[in-house]
Amino acid sequence: MPGPAAPRGDRDRRPRQGAQRRPGERGPRPGAQRGERPGGAPAQLRLGSPRPRLRLISLGLTLVMLAFVVRLLQVQAVDASAYAAKANVNRYIPVKLSAERGSITDRDGVNLATTVDAYDITAAPDLLTPRNAKMKDAPRQAAALLAPILGKNEADLEKKLTDNPKSQYVVLARQQSPRVWNQIKDLKNNLDDAAAKGKGTNVLAGVNRESHSKRVYPGGDLAAGILGFVGADGRGAAGIEQQLNKKLAGKDGKRVYAQSGGHQVPTGDVSEKPAVPGNDVELTIDRDIQWAAQSAISDQVKKSQADRGYVVVQDTRTGRLLAMANAPGFDPNDISTADGDALGNAAVSDAYEPGSVSKLMSMAAVLQEGAARWNTQVEVPNRLPRAGRAFADDIDHPTWYLTLNGVLAKSSNIGTILATEQLGKTEKQKNRILYSYLRQFGIGQPTGLGLPGETPGILAKPQSWSPTQGYTIPFGQGLSLNAVQAASVYSTVANGGQRIAPSLVRGTRGPGGDFTPAPEPKKTRVVSPKTAKTLAEMLESVVDNQEGTGTKAKIPGYLVAGKTGTSNRVDPKSGRYHGYTASFAGFAPADKPRLTVYCAVQNPTRGSYFGGQVCGPVYKKVMEFALKSLQVPPTGKQPKRLPVSYSPGQ
C-alpha cells in the first residue's frame, strides 16, 4: 500500500548527494525529473569509451617524438659540419697579430719614420667609488698622481674618472711611451706595498695599459711633405707612407685559441700564423741637405711674408733627389695641429707659371735647331708689337744690343721672342718645334715619382695655343709646371743634354735584410752634349756677369750656372693673376756639374719680388752647404765670360 503523500515542499527536493534511500522508499514520481524513464523506472548512467582519447594522445606523442628524431637526424647527420663550425666559432677565439710597419730611412740609413711600442693608459672608475676604494676622494688623488706623468690636466683626468662611476673602462691617455708606463707601474707597486702595511689605499689599482704600436718621425717636420703620415686606421695617408703602404705595412698574422667562460683554456688547442713585418724603404734623400734646404726656404718665406715656397736638390748624374723641402710644413707626429693648406707636398702638387727660368728650354731649342748661336746679335727694342699687344721686358730700357747669351743673362722677354721666331718659317711650325722640346724636357707629363697629389703641369698642344701664347710660352707664361719638373730641366742640361727621370726611392729592404734596388729611371736624349755645354756657359753669365740677374747666387771658389725667374702668378683662390712667383734654378760646378738646386717662393709681399733677390740667396745657401757636405771640390777653372752685348755696326 502506498504510504501517505509527502509534503508539498519536500516533493520537489532532490536527495542530497551521498544520501541513501530507506528500504521500501519510492523514487520521484513520473515526470518530476529529467532522465526518468517512462513507467517510473530509474535512468542508468553510461561512461564514454576511453579508447578515442588514448588514440589521440598516442598520436600526439608520436608526432612529437618524430619531430625530435627528424631534428636529431638533421643536427647529427645532415647539417653536422655546419653546427660543428658554429660551435668552433664560439669556442675558438681569433686574435689578429699586427705586422710591424717598416721604417723609412734616408740614403745613409738614418730613420726618418719608424715604429715604436706605445701604450694607451686606461682606468676602471668603478674601483674608485667611495664604496670600493674605502675613501671619498680616490679619483682626485689618482688624477693628482697621474697628471704630471701623463702631461695631462689634473681636472680633466678627474672628470674622466668620475663621469661614469659604474664604468669599468676609460682611456686616460693614448700613445704613451714605455717610459711613461714604467713610471706608472712603479708608482702602483709602491702604493701596493703601502696598502699591504695598512697605510692607505692603492688608488691606482684600476689603472692599466693596452699595447699598441706608434708611428714616430724623429726629425719632426723634417721631410714631412715627402714622408706623409699614417692615419688612425694604420694606413698611409700621404706621401711615401701612402704611395708604398703595401710594402711598408707587411701582412698581419693570426692566433686562434680555445676559450671557456671568456678565458683561454690552458690545455686547449692553439694555432698561430705569424705576422710578416713590412719592408723598410730607403730614400735618395740626404738628411743633412734636406735640413739645410728646409731651413733656408722656411726663413725666406717668413722674411718675404710669402704664401709658401719650395727647394729641390737633385744629383745631376743620377736624377736622384737629395732634398725636397716645403714651407710652411707640418709635424707628422701631431697632425691635429697642422694647417690643412700645409699638408701634402707642394713641391709636386703646385702647378704654376715658371717665368724666366723656362727660357733655358727656349734657348735649347734655338741652339739645337741651329736657328742661332750664343753670339748671334739680337736688337731688343723697348716694346715689341705682336698678336695685337705690345710685349715688354721687366724694366723700361732703350734699345738693347745683345748677343743671344746677353738675352739670357739679362732675361729679356723681347729677345727670347725674337730668338724663338727663328725656329720656323710660320707661326705654327715654330710653335710645333718649341712644343716638342718642352715635352722632351718633361713639361706637361708626370715626373715619374708617383707621389700622391702630383700634378703633371699644364702644357696645351700647339694647335690649341692662343695667338698670344705663341709669344708668352717662350718666356715662361702660358704654361705651368711643378718644382721637381723645373729642377729636372736644369739637371738635363747639366747632364750633357740627357734627361734622367727624377727618383726618390733608392730601394726596399725585406725582413730578412735583403735589399731590392728601385728600377732604373728612364733616360731621354733632349739636346746634344755640345748644345748642353754652350747652354751651361751661357748660364754662367747670368751669375758671373755684372749685367746678369743672378749675381746674388755666386759661391766663392765655384763656377755657378743659373737662371732667375719672376712670373705673374695665378691666385689659386680667385683664378686671376695676383702677385708674383720668384724663382732661381742652377747647377754647380758649372764646368763639372754635380748638383742642381731649384728654389721658388710664391707671392712674396715684403721686400723685393724678383727671383734673383728672393731666391738667389736661398740657392747660394743650399748649394754651398750641399757641395761641402758631399765634399765636392772646386774645379779651379775660370768662367768663360761670354760677351753679353755688342756695339751696333760691329
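Is Y646 buried or exposed at 17% relative accessibility? Y646 counts as buried, where buried means under 20% relative accessible area, exposed over 50% and partly exposed in between, with a 1.4 Å probe and protein chains only. Keep in mind that this is a predicted model, in which local features need pLDDT of at least 70 and side-chain atom pairs count only at pLDDT 80 or more, while totals for chains, interfaces and linings use all residues. Residues are numbered from 1 along each chain as its sequence is written, and side-chain values use heavy atoms, with hydrogens and water left out.

**Aromatic pairs**

A search of the whole structure turns up nine aromatic pairs. Rings of Phe, Tyr and Trp (its six-membered ring) pair if their centres lie within 6.5 Å; planes under 30 degrees apart are called stacked, over 60 edge-to-face, and the rest tilted. One of the pairs is F391 with F475: the ring centres sit 6.3 Å apart and the planes meet at 75 degrees, so this one is edge-to-face. F391 belongs to strand β14 (residues 389-392) and F475 to the loop between α17 (469-472) and α18 (483-494), so the contact ties together parts that are 84 residues apart in sequence. Helices (H or I, at least four residues) and strands (E, at least two) are DSSP runs, numbered from the N terminus. Both partners are tucked away: F391 is buried at 2% relative accessible area, and F475 is buried at 9%.

Back to Y646, then. The rings of Y401 and Y646 have their centres 5.7 Å apart and their planes at 80 degrees, so this pair is edge-to-face too. Y401 is in strand β15 (residues 400-403) and Y646 in the segment after α21, so the two tie together parts that are 245 residues apart in sequence. While Y646 is buried, Y401 counts as partly exposed, at 28% relative accessibility. As for F391 and F475, they form one aromatic cluster with Y471.

**Salt bridges**

The structure holds 16 salt bridges, a salt bridge being a side-chain nitrogen of Lys or Arg within 4 Å of a carboxyl oxygen of Asp or Glu. Here are three of them.

| Pair | Closest N and O atoms |
|---|---|
| R174 and D120 | 3.1 Å |
| R140 and E158 | 3.6 Å |
| R386 and E421 | 2.7 Å |

R174 forms its salt bridge with D120, and the pair links distant parts of the chain: R174 in strand β4 (residues 170-176) and D120 in strand β3 (residues 111-123), 54 residues apart.

R140 pairs with E158, joining helix α5 (residues 138-150) to helix α6 (residues 154-162) across 18 residues. E158 counts as partly exposed, at 21% relative accessibility.

R386 forms a salt bridge with E421. R386 is in strand β13 (residues 383-386) and E421 in the loop between α15 (413-420) and α16 (427-440), so the pair ties together parts that are 35 residues apart in sequence. R386 is partly exposed, with a relative accessible area of 22%, and E421 is partly exposed at 22% as well. Elsewhere, R101, R215 and E241 are linked in a network of salt bridges.

**Surface patches**

Patches are made of residues with over 30% relative accessible area and no salt bridge; like charges are joined within 9 Å, and nonpolar side chains (Val, Leu, Ile, Met, Phe, Trp, Tyr) within 5 Å. L56, L59, L63, L66 and V70 make up a nonpolar one, with about 510 Å² of accessible area together. L56 sits in helix α2 (residues 51-78) and is exposed, at 62% relative accessible area. A patch of positive charge gathers K533, K592, K637 and K640 on the surface, with K640 in the segment after α21 (616-629).

Most residues other than glycine have a negative phi, and most peptide bonds are trans. A cis peptide bond joins A327 and P328, with omega at about 0 degrees; P328 lies in the loop between β11 (321-327) and α12 (346-349). Another cis bond joins A588 and P589, with omega at about -15 degrees, and P589 is in the loop between β21 (577-588) and β22 (595-602).

Q175 has a positive phi, near 55 degrees; this residue is found in strand β4 and is partly exposed at 28% relative accessibility. N603 has a positive phi near 60 degrees, sits in the loop between β22 and α20 (611-614), and is buried at 11% relative accessible area.

Technical notes: Accessible areas come from the Shrake-Rupley method with a 1.4 Å probe; for residues, only the protein chains shown count as cover. Lys and Arg count as positive and Asp and Glu as negative; His and the chain ends are not counted. The place of a charge is taken as NZ of Lys, CZ of Arg, CG of Asp or CD of Glu.
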